[in-house]
Amino acid sequence: MRRSSTDESTYRRSPSPESKEQGFARSGPFRRCSSLYGQAGAGDAGDAGGGFFGLHTNPGPKAAQARYTTPKGNKYVVFYLDLSFIFLLELKRCSMARGCLQGVKYLMFAFNLLFWLGGCGVLGVGIWLAATQGNFATLSSSFPSLSAANLLIVTGTFVMAIGFVGCIGALKENKCLLLTFFVLLLLVFLLEATIAVLFFAYSDKIDSYAQQDLKKGLHLYGTQGNVGLTNAWSIIQTDFRCCGVSNYTDWFEVYNATRVPDSCCLEFSDSCGLHAPGTWWKSPCYETVKAWLQENLLAVGIFGLCTALVQILGLTFAMTMYCQVVKADTYCA
């Protein structure tokens, strides 16, 4: 069956250079068309799945390679675009890490500045007490150095040192100083928690030991070199209106007579402690002070919770900033 000329135009192939030279040289276009029809019939018999009338429209190897192969220049452009996108993501991530680090840095600096200023205040009060009142509030004969002035001085110095380390570590973004601040503050927190637990666990034994030690300290009342203990007992007995550790008779063993200090008198006057017991305070000082602490237990508890909260905030700021510094060094190195 012969096709029309209109069908030929639709499926006409572009001739190769060899067919151009040979076909047109020998017999012109009509012979080229007849040979084309013969090749179409052969292709139709050999391949039933071919194109219309056996003509295949699949491109040759070179055309397929040209169609499906991406030029190398386009590959490089895509690679550079991907690399630039990754770089921008990492830059954004690095800037976010730096922003978080700066926020935590200023928060921790402000916290440690207040911490340091508080330590300066406590140290100043301790020095003032030591200079004006001697060893104020030294009640224990077993621990004569355990005075209010010495405790305030030691506490203020330690708080100042910790606050200074935290401030410098925050400003310099130094991992070693931040970790040192965290460890020191954690040790203080654990020490305080351990003391609180032991105090509540062994409160009965602590009560009996404290009363015995305080009674021993009464024998140092009014002696040379114990001005702090003498002033402490005078202030406590006057302010709390009490006499002795467990009773006013505790002073009889000290003076070896029926006598009490003048601070035990209902109405203070010189040598009023030599008068009859009816003119003295009868309440025991230990139980009176203990009852006062129990009445103000809420304030003591709030003070303890605030102290613990401040320390936990310091630990949180220190560890958060330490982690941010590590991340910043990792991403932005």
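Tutor: Happy to. One term before we start: buried means under 20% relative accessible area, exposed means over 50%, and partly exposed is in between. Keep in mind too that this is a predicted model.

Student: Okay, is Cys265 buried or exposed, then?

Tutor: Cys265 has 6% relative accessibility, so it counts as buried.

Student: And which residue does Cys265 form a disulfide with?

Tutor: Its partner is Cys272, with an S to S distance of 2.1 Å. The link of Cys265 and Cys272 is right-handed, with 105° about the S-S bond. Cys272 is at 3% relative accessibility, so it counts as buried.

Student: How many disulfides are there by this rule?

Tutor: The count comes to 3 disulfides. Another of them joins Cys242 to Cys285, S to S 2.1 Å. Cys242 sits in the loop between α9 and α10 and Cys285 in helix α11, 43 residues apart, so this pair links distant parts of the chain.

Student: Is that one right-handed or left-handed, and why?

Tutor: It is right-handed, because the torsion about the S-S bond of Cys242 and Cys285 is about 100°.

Student: Are those two cysteines buried or exposed?

Tutor: Cys242 counts as buried because its relative accessibility is 0%. Cys285, at 2%, counts as buried too.

Student: Which cysteine does Cys243 pair with?

Tutor: Cys243 is joined to Cys264, with an S to S distance of 2.3 Å. The torsion about that S-S bond is about 90°, so this disulfide is right-handed. The pair links distant parts of the chain, 21 residues apart: Cys243 is in the loop between α9 and α10, and Cys264 is in the loop between α10 and α11. Cys243 and Cys264 are buried.

Student: What about Cys306 and Cys323, are they buried or partly exposed?

Tutor: Cys306 is partly exposed, with a relative accessible area of 44%. Cys323 is at 35% relative accessibility, so it counts as partly exposed.

Student: Switching to the core: which residues have the most contacts inside the largest nonpolar one?

Tutor: Leu218, Trp233, Cys243, Val245, Trp251 and Val260, in a core of 20 residues. Helices α8 (203-218), α9 (227-240), α10 (250-255) and α11 (285-295) each supply at least two of its residues. The largest share, 3 residues, comes from α9.

Student: Where else is there a core?

Tutor: Apart from that one lies another core, of 16 residues, with Met108, Ile162, Ala170 and Val325 among them.

Student: Back to Val245. What does it touch?

Tutor: Not counting residues up to four places away in sequence, Val245 touches Gln211, Leu214, Lys215, Leu218, Trp233, Asp250, Pro284, Cys285 and Tyr286.

Student: Which side chain of opposite charge is nearest to Asp250?

Tutor: Lys215 is the nearest, 4.3 Å away. A salt bridge needs a side-chain nitrogen of Lys or Arg within 4 Å of a carboxyl oxygen of Asp or Glu.

Student: What else lies around the Asp250 side chain?

Tutor: A polar atom of the Asp250 side chain lies 2.8 Å from the backbone nitrogen of Ser246. Leaving aside neighbours within four places in sequence, Asp250 is in contact with Lys215, Leu218, Gly244 and Val245.

Note on methods
Residues numbered from 1 in each chain as written. Predicted model: local features only at pLDDT ≥ 70, side-chain atom pairs only at ≥ 80, totals over all residues. Heavy atoms only, no water. Core = buried A, V, L, I, M, F, W, Y, C linked by side-chain atoms within 4.5 Å. Buried < 20%, exposed > 50% of the residue type's maximum accessible area, 1.4 Å probe, protein only. Helix = DSSP H or I, 4+ residues; strand = E, 2+ residues; numbered from the N terminus. Contact = heavy atoms within 4.5 Å. Disulfide = S-S within 2.5 Å. Lys, Arg positive; Asp, Glu negative; His and termini not counted. Polar contact = N/O pair within 3.5 Å; in protein donor to acceptor, adjacent residues only side chain to side chain.
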